[in-house]
Amino acid sequence: MSTLRLGDIAPDFQAETTEGPIHFHEWLGDSWGVLFSHPSDFTPVCTTELGTVANYLPEFTKRNTKVIALSVDGLESHLEWIKDINETQNTTVNFPIIADEDKKIATLYDMLHPNASDKFTVRSVFVIGADKKIKLTLTYPASTGRNFDELLRVIDSLQLTANYSVATPANWKDGEDVVITPAVPDSDIPAKFPKGHTPIKPYLRMTPQPNK
């Protein structure tokens with residue numbers, strides 16, 4: 001499997017999960033999705049990550065985004081691990097974890113990096129749009145836990161920029177000013193951006209976030 005790139009259709013698959021069997025594209029439906037992998041069950045960093053996602057689920061739901069995890073361990077192991085996650089992270093895991101013992105899905109999504117580990121998946125993240133296309137990929141080493149505030153920020157940006165002729169500047173957060181894309185001529189700005197804009201350079205024009 002060649003490396004997946006931005007704009008590629010996220011590969012479809014069928015899998016057993018902690019919430020029953022799924023057909024990935026059908027499960028996504030009209031939602032956005034976050035697919036993220038874990039090196040293995042009963043590992044400390046993963047335990048904190050899955051607990052964090054469970055606590056953040058209302059924020060993902062607010063963004064019409066489903067989350068699903070993957071580990072190359074089996075279903076029974078996942079179900080036992082969830083008990084530990086719920087206990088130690090003071091939460092209830094309320095999203096599916098894929099059992100991928102044969103590593104078919106991990107291989108499909110290029111989650112196995114032999115130079116990092118020939119046994120465990122790296123901490124891959126795929127943000128998938130409602131059109132089933134890959135919008136973002138991130139790969140963390142096994143030793144570094146993910147920042148899920150950043151994932152929510154990226155989803156806010158992706159969903160905003162999909163619908164308006166804007167881009168988001170460095171460190172942007174929902175509600176802050178955005179950049180008008182260079183493709184929009186100055187003459188079209190008043191109609192497209194009635195809240196007004198601030199020209200800083202001919203190529204750098206700021207405007208209040210249009211969907212607020």
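This report describes helix α2 and its packing against helix α3 in a predicted model.

## Basis

Residues are numbered from 1 along each chain as its sequence is written. In this predicted model, local features need pLDDT of at least 70 and side-chain atom pairs count only at pLDDT 80 or more, while totals for chains, interfaces and linings use all residues; side-chain values use heavy atoms, without hydrogens and water.

## The protein

The protein has six helices and eleven strands, which are DSSP runs (helices H or I, at least four residues; strands E, at least two) numbered from the N terminus. Of its 212 residues, 46% are buried (under 20% relative accessible area, 1.4 Å probe, protein chains only).

## Helix α2

Helix α2 covers residues 44–62. Its 19 residues reach 28 Å from first C-alpha to last, close to the expected 27 Å (1.5 Å times one less than the number of residues). At Tyr-56, shortly before Pro-58, α2 has a kink of about 55°, the angle between axes fitted to the seven residues ending there and the seven starting there.

Buried residues of α2 include Cys-46, Leu-50, Val-53 and Phe-60. The buried residues pack against several elements, among them β3, β4 and α5.

## Packing with α3

Helix α3 (residues 75–89) packs against α2 at about 70°, with the axes 9 Å apart; axes are lines fitted to C-alpha atoms over the stretch in contact, and angles run from 0 to 180 degrees between N-to-C directions. The two helices are therefore roughly perpendicular (65 to 115 degrees).

In contact (heavy atoms within 4.5 Å), the α2 residues include Thr-47 and Asn-55, and those of α3 include Trp-81 and Ile-85.

Methods. Angles under 35 degrees count as roughly parallel, over 145 as roughly antiparallel, 65 to 115 as roughly perpendicular and the rest as oblique. Buried means under 20% relative accessible area, exposed over 50%, partly exposed in between (1.4 Å probe, protein chains only).
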